[in-house]
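Hi everyone, thanks for making time this morning. I'd like to walk you through one structure, so let me put it up on the screen.

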Amino acid sequence: MTIPCMVCFTETSEISIRSWCCSGIICLSCLEAHVSSKIEEAVVKIVCPLGNCDSLISEDEIKELVSDEVFEKYQRFKVEIEQNPHIKTCPGCSRIYHHSDLANTEQERELSPEVMKVTCLKCRLVWCFSCQAPWHHGLTCKEFCKGDKSLKIWAKNRGQPVRNACRCPKCQVFIQKSSGCDHMACSR
């Protein structure tokens, strides 16, 4: 039996009847396209695409609809938005890390900085869980984030018409334009 989709009006047997929210009928390809496009826009609270329905699509349903690669992107966006101090992404490859041994107080963290040292299993980058910067042996996060003066001089590119790099307004890491138009997007 084929039923027409309420979005594309194509008659198909691969449908999703939204019985838990609006009882609407949508084909799986329209639902997948909707979910994928929202994830590409970094939206993690994805609402049902039908009519006046305000119900959220569950994480389990999102996982079933999209590819593993798109679902990983969804999880990374979710981690960044929630800002859970025990869950962060690798600054090199954006792999998600959970830190269960995280100290509760700043004083404890200062006494044991090696607890914050993480080696990424995917890209092998050694980084600091606390500040999400490359590992800074012998320096506190604050000292490291003040930065190397030569790096700052290079980024500003004094005396030249164009800067080499600028800081991302959200995460403060240096970003550099490599090609294309003037629009820059931080990979973090």
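Let's start with helix α3, residues 68-82: its 15 residues reach 21 Å from the first C-alpha to the last, close to the 21 Å expected at 1.5 Å a residue. Please keep in mind that this is a predicted model.

Which residues of α3 are buried? They are Val-70, Phe-71, Tyr-74, Arg-76 and Val-79. Just past the end of α3, Gln-83 takes a positive phi of about 50°.

Next, a charged side chain to look at. Where does Arg-18 lie? You'll find Arg-18 in the loop between β3 (15-17) and β4 (25-27). Is Arg-18 buried or exposed? Arg-18 is buried, with a relative accessible area of 0%. Leaving aside residues up to four places away in sequence, Arg-18 touches Ser-23, Gly-24, Ile-26, Leu-31, Cys-48, Leu-50, Ile-57 and Glu-61.

On to the cysteines. How many disulfides does a search of the whole structure find? The search finds 0. Cys-8 is in no disulfide, and its nearest cysteine sulfur, that of Cys-30, is 3.6 Å away. For Cys-30, the closest cysteine sulfur is in Cys-27 at 3.3 Å, which is too far for a bond. The cut-off behind that is 2.5 Å between the sulfur atoms. Cys-8 is partly exposed, at 32% relative accessible area, whereas Cys-30 counts as buried at 16%.

Let me finish with the whole chain. There are 6 helices and 10 strands, and buried residues make up 29% of the 188 residues. Among contacts between residues at least 6 apart in sequence, 31% join residues at least 24 apart. The accessible surface comes to about 12700 Å², with 52% of that belonging to carbon and sulfur atoms.

Conventions. Residues numbered from 1 in each chain as written. Predicted model: local features only at pLDDT ≥ 70, side-chain atom pairs only at ≥ 80, totals over all residues. Heavy atoms only, no water. Helix = DSSP H or I, 4+ residues; strand = E, 2+ residues; numbered from the N terminus. Expected span 1.5 Å × (residues − 1). Buried < 20%, exposed > 50% of the residue type's maximum accessible area, 1.4 Å probe, protein only. Contact = heavy atoms within 4.5 Å. Areas by Shrake-Rupley, 256 points an atom, 1.4 Å probe, with all protein chains shown as cover.
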